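Student: I'm new to this one. Can you walk me through it and tell me what backs up each label?

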Amino acid sequence: SESQLAELAEVDASSLAEFRRVIGGALESILHTSLPSSIDVVAFHRAASPIRGARMDKLGLARRGTGEQVPAVLLTPHNYKGVVAVAVLDGGKAGLAGPEGDWRLEVRACLRRGVAILAPDVFLTGESLAARREKVRAAASGDLPAAAAAELLPVDAQRHGSYVGYTYGYNRTLIAQRVHDVLTAIAFARSLPGAKEVRLVGSGSRSGGVWALLARAVSGDAVGRTVVEADLDALSVESFQDENFLPGALKYGGLPFFAALCAPGELLILGSGEMPDVALAAYRAAGAEAKLRSLEPAAPALERMVDWICE
């Protein structure tokens with residue numbers, strides 16, 4: 001299998017389709033999700049309010065026929081031009097606001113330029129994390145001890161510690177569920193009235209940027225320009241309790257190979273250092289080498305993303 005992977009890494013125009021079939025098919029199986037049709041996603045409207053130059057809607061996004069609901073906020077500028085940026089942030093939609101509670105400068109810059117912003121609280125972030133903690137508190141006696149998000153996943157306590165296959169042979173891992181929720185948000189963004197293009201922003205080199213990159217890799221041409229802050233070694237973990245534990249991901253090349261699946265879409269990666277050879281090869285094979293770029297990270301990374309996502 002390692003020799004076959006090495007052969008796939010030498011991707012060129014004649015082998016690009018096979019690379020996508022093998023690596024793309026593997027990633028969808030590993031994540032156990034895919035991009036739903038826009039008609040398969042519904043939004044539960046919670047509240048709406050005007051903000052300066054825009055309208056804010058608080059939503060719950062769900063795939064039809066499931067009990068899932070992803071809290072989200074949609075900011076639509078009065079001069080909306082049909083571009084929707086799905087913002088996948090480390091702490092969820094709360095990351096759109098600064099320490100004083102006002103919208104971050106980068107958010108206001110996007111709105112001024114007519115770009116709508118959809119920010120979800122993917123699984124166990126923001127409201128989603130708070131709701132899960134409340135359920136745990138209700139089910140347990142006493143106060144809930146401080147716990148990492150990974151420890152809030154429902155598991156079979158008697159078996160999970162000795163063999164995680166009892167859990168993850170049947171359920172998505174934490175990171176896979178978060179990618180699943182990002183895909184739900186992308187599908188909803190595509191259904192918005194007047195939407196001409198969905199773009200993707202991911203912030204957090206081992207969190208939101210990684211979730212967004214994985215979602216982009218299985219979205220085909222449904223997503224346009226994408227900018228992520230991502231550590232391409234983020235899936236190399238040492239414990240199944242790690243929030244980025246994704247069984248099988250490294251066998252199929254990890255994030256460098258999954259980034260290659262984004263070709264020929266425009267992709268800017270912040271913080272990657274040198275771009276991996278396999279991604280460069282895939283973009284060359286697709287005739288889109290100029291559409292793959294990398295930059296050293298800035299602080300905060302969102303400031304580097306705005307101009308590129310709003311062009």
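Tutor: Let's start with Ala48, which sits in strand β1 (residues 41-51). Helices (H or I, at least four residues) and strands (E, at least two) are DSSP runs, numbered from the N terminus. One caution: this is a predicted model, where local features need pLDDT of at least 70 and side-chain atom pairs count only at pLDDT 80 or more, while totals for chains, interfaces and linings use all residues. Residues are numbered from 1 along each chain as its sequence is written, and side-chain values use heavy atoms, with hydrogens and water left out.

Student: Why does Ala48 count as partly exposed?

Tutor: Buried means under 20% relative accessible area, exposed means over 50%, and partly exposed is in between (1.4 Å probe, protein chains only). Ala48 has 41% relative accessibility, so it counts as partly exposed.

Student: Which residues does Ala48 touch, not counting those up to four places away in sequence?

Tutor: Arg55, Met56 and Asp57. Contact means heavy atoms within 4.5 Å.

Student: What makes β1 and β2 a pair?

Tutor: Two strands pair if DSSP finds at least two bridges between them. Here 10 bridges join β1 to β2, and the two run antiparallel. Phe44 stands opposite Gly60 in β2. The two strands form a hairpin with two residues between them, and Gly53 in the turn has a positive phi of about 75°.

Student: How many bridges link β2 and β3?

Tutor: Eight, again in the antiparallel sense, with β3 covering residues 70-77. Met56 stands opposite Leu75 in β3. This hairpin has six residues between the strands, and Gly65 takes a positive phi near 80°.

Student: Why is β2 called largely enclosed by the rest of the structure?

Tutor: Because eight of the 10 residues of β2 (residues 54-63) are buried.

Student: How do you know whether Thr226 is buried or exposed?

Tutor: Its relative accessible area is 0%, so Thr226 is buried. Thr226 is found in strand β7 (residues 226-229). Leaving aside neighbours within four places in sequence, Thr226 is in contact with Leu200, Arg216, Glu266, Leu267, Leu268 and Trp308.

Student: What makes something a nonpolar core?

Tutor: A nonpolar core is a set of buried Ala, Val, Leu, Ile, Met, Phe, Trp, Tyr and Cys residues joined through side-chain atoms within 4.5 Å. The largest one has 69 residues, and those with the most contacts inside it are Leu118 and Phe258. Helix α6 (residues 174-191) gives the most to this core, with 10 residues. Apart from it lies another core, of 26 residues, including Leu75 and Cys310.

Student: Which residues of helix α9 are buried?

Tutor: In α9 (residues 277-285) they are Val278, Ala279, Ala281, Ala282, Tyr283 and Ala285. They pack against α1 (2-9), α2, α8 (254-260), β8 (267-270) and β9 (292-295).
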